[in-house]
Amino acid sequence: MVRTPAGMRRAAVAAVAALSLTGLAACSGGDSDSAVPGSGGGKGDDLAASAPVAASLPAGSTMEKIKQRGELVVGGSLDAPLLSQQNPATKKVEGLDADFGRLLAKYIIGKPNVKIVNSASETREALLANGTVDVVFQTYSITPERAKQVAFAGPYYSSGLVIATKKDETGIKAPADLKGKTVIAGANTPAIPAIKKAAPGAKIVTFGSDPECVQALKQGRGDAYVQDEAVLLATAKQDPSIQIQGKPFTSDPYGIGLKHGDAQMKQFVNDWLKQIQQSGLWAKVWKNSIGTVVQGEAPQPPAIGSAPGSE
Amino acid sequence: MNVITDHLGEFGDGLLLTVELTLLALAGALATGTAVAAMRVSPVRVLRAAGMAYVEVLQNIPLLVWLVIAVFGLPEIGVIAGLFTTSAVVIALYQGAYTAEAIRSGINAVPAGQGEAARALGLTFVQSLRLVVLPQALRTVVQPLGNIAIMTLMNTALAAAVGVVELTAAANRVNLAEAQPIWIFVTAGLAYMALSAVFGLVTGGLERKLAILR
């Protein structure tokens, strides 16, 4: 190691500390660490305990290979509140998508053993095609274009896009009001085509993550922020300066991504989904995640195979 | 291949923005780099220290962090500019640090006798730098400057993370609608390659034209 005078070293440490503080201040908007909604503690394990296990697996099937491996490899996120977010204290991934992944693992293997591979919307199709992941649980909206490359079981959940604004905004109540306005959206989210369709005159600005979008909205880089309801509900609950305007204006069916052409596994996953919907386990998973910020009873799950692309 | 031809407009807009961002950033980087390199070889101690501090601070923090700090941090202290403007300035300042180092190495390659002779003729420090040292220095660092130009081009892709719809962001948006990542990103990659090939050719031509025979 090169020896440096103590004074210089101290100055360097101070400079680094000051810079990291600037960095922290820059993104203090969306990620307050206390009260992360959906961190239901041990509840996820209770869910898995009562979850069904498949009576038998067809010989030579993908499911049998997964069982032999002893682990279900899931393509998912680690930073999506309420859906699939890693709890920094326990390292456990919590949320709707994460719980469904564990339940599917339990159904196939008998134990909720899941390994989450952090996938992105650019890589999901390729990860499924080359067998890196077995399934994708990642707010994977079913579209006919995507269905040409992956098989979709489900939909297992239906969400929709809502508009959020600053608290004092009064001119934006419906998608049509976005015309001529600057609208913030997450990069690589279905919000971009949806805004183009609902308000063709709107200027769209995108940022990589939800906290960045919220920060940009608060700093006035746009008049409104369009994002999935589940994500925005969590944000608005944490941050009183953000307000949600109106009800969802799109219907966004989430599917379970599987390898294209694996009809056997798709059938198998759909059967499992039917079972957990009928037994009431689906509603419990909803209560455990999104139900912590949305009032009332669990909604009716979407009909399996109802979305174009999931037939 | 329909994926590409159906979205030529989006790719074109993205490419145009990438080129604009690169050229603006390069012009800024060259100006900043020359000024900082001059500071680093100046006879004034404070200026030398300031030049060194500039290079160290800019180079030792990743560009993405600088972009995020500028886009989300500066508005907190009341400085808010457009996303494109902010990105162009940040990339120019960042690349300026690398440019300064390249130019300084060029200055060091000029024999000390040249500077001494210039001073002996009665030129001031700025005059000797401008008329004698820099013209020789810049000629020797055409190739490293060309590399920095290519690096600047590649680094403009990071502006996609702060909402500038340049080529990478445009490719992302097309992919969102089409879900054909391989074709779409290969196309974007080829466009970047073509642009950097242009930089390479220009650099090579300049180097041959400006070569000093010693």
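Reader: In chain B, do H8(B) and H10(B) run roughly parallel or roughly antiparallel to each other?

Author: In this predicted model, helix H8 (residues 142-155) of chain B packs with helix H10 (residues 181-210) of chain B, their axes lying 9 Å apart and making an angle of about 165°. Angles over 145 degrees count as roughly antiparallel. H8(B) and H10(B) are therefore, relative to each other, roughly antiparallel.

Reader: Into how many nonpolar, polar and charged residues does the contact of H8(B) with H10(B) divide?

Author: From H8(B), the contact draws on Val142(B), Gln143(B), Gly146(B), Ala149(B), Ile150(B), Leu153(B) and Met154(B), which meet Tyr192(B), Leu195(B), Ser196(B), Phe199(B), Thr203(B), Leu206(B), Glu207(B) and Leu210(B) in H10(B). Taken over both helices, the residues of this contact of H8(B) with H10(B) divide into 10 nonpolar, 4 polar and 1 charged.

Reader: What pattern does chain B follow when read along the sequence?

Author: Chain B has 10 helices and 0 strands, and its C-alpha trace spans about 70 × 45 × 20 Å along the principal axes. Read along the sequence, the pattern of chain B is α-α-α-α-α-α-α-α-α-α.

Reader: Is the crossing of H2(B) and H9(B) left-handed or right-handed?

Author: The axes of helix H2 (residues 8-41) of chain B and helix H9 (residues 167-178) of chain B come within 7 Å and cross at roughly 160°. That angle makes H2(B) roughly antiparallel to H9(B). The sense of the crossing of H2(B) and H9(B) is right-handed.

Reader: How do the residues of the contact of H2(B) with H9(B) divide into nonpolar, polar and charged?

Author: On the side of H2(B), Glu10(B), Phe11(B), Gly14(B), Leu15(B) and Thr18(B) take part, and they meet Leu167(B), Ala170(B), Ala171(B) and Val174(B) in H9(B). The division of the residues in this contact of H2(B) with H9(B) is 6 nonpolar, 2 polar and 1 charged.

Reader: Turning to chain A, how many Å separate the centres of domain 1 and domain 2 of chain A?

Author: Chain A is divided into domain 1 (43-159 + 253-292) and domain 2 (161-245). In the contact of these domains, 9 residues of domain 1 of chain A touch 8 residues of domain 2 of chain A. Taken over C-alpha atoms, the separation of the centres of domain 1 and domain 2 of chain A is 29 Å.

Reader: Which strands of chain A stand at the edges of the open sheet of 5 strands?

Author: This open sheet of chain A has the order E10-E9-E11-E8-E12, with mixed pairing. Two of its strands have a single partner strand each, so one side of each is left without a neighbour in the sheet; these are strand E10 (203-207) and strand E12 (242-245) of chain A.

Reader: What angle does the direction of helix H7 of chain A make with that of E9(A)?

Author: In the sheet of 5 strands of chain A, the twist averages 35° from one strand to the next. Strand E8 (residues 161-166) of chain A pairs with E12(A) in the antiparallel sense over 4 bridges, and Thr165(A) stands opposite Gln243(A) in E12(A). Helix H7 (residues 191-198) of chain A packs on the sheet, touching E8, strand E9 (182-186), E10 and strand E11 (224-228) of chain A, and its direction makes with that of E9(A) an angle of about 155°.

Reader: Which residue in E4(A) is the bridge partner of Gln86(A)?

Author: An open sheet of 3 strands in chain A has the order E2-E3-E4, with antiparallel pairing. Strand E2 (79-80) and strand E4 (93-94) of chain A each have a single partner strand and stand at the edges, so one side of each lacks a neighbour in the sheet. Strand E3 (residues 84-86) of chain A pairs with E4(A) over 2 bridges in the antiparallel sense, and the bridge partner of Gln86(A) in E4(A) is Val93(A).

Reader: Where in chain A is Lys91(A) found?

Author: Most residues other than glycine have a negative phi. Lys91(A), although not a glycine, has a positive phi of about 70°. Its place in chain A is the loop between E3 and E4.

Note on methods
Residues numbered from 1 in each chain as written. Chains lettered and ligands numbered in written order. Predicted model: local features only at pLDDT ≥ 70, side-chain atom pairs only at ≥ 80, totals over all residues. Heavy atoms only, no water. Pairing = 2+ DSSP bridges. Axes fitted to C-alpha atoms, helices over the stretch in contact; angles between N-to-C directions. Parallel < 35°, antiparallel > 145°, perpendicular 65-115°, else oblique. Contact = heavy atoms within 4.5 Å. Nonpolar A, V, L, I, M, F, W, Y, C, P; charged D, E, K, R; others polar. Domains from an automatic or database assignment. Left-handed = near helix turned anticlockwise from the far one by under 90°.
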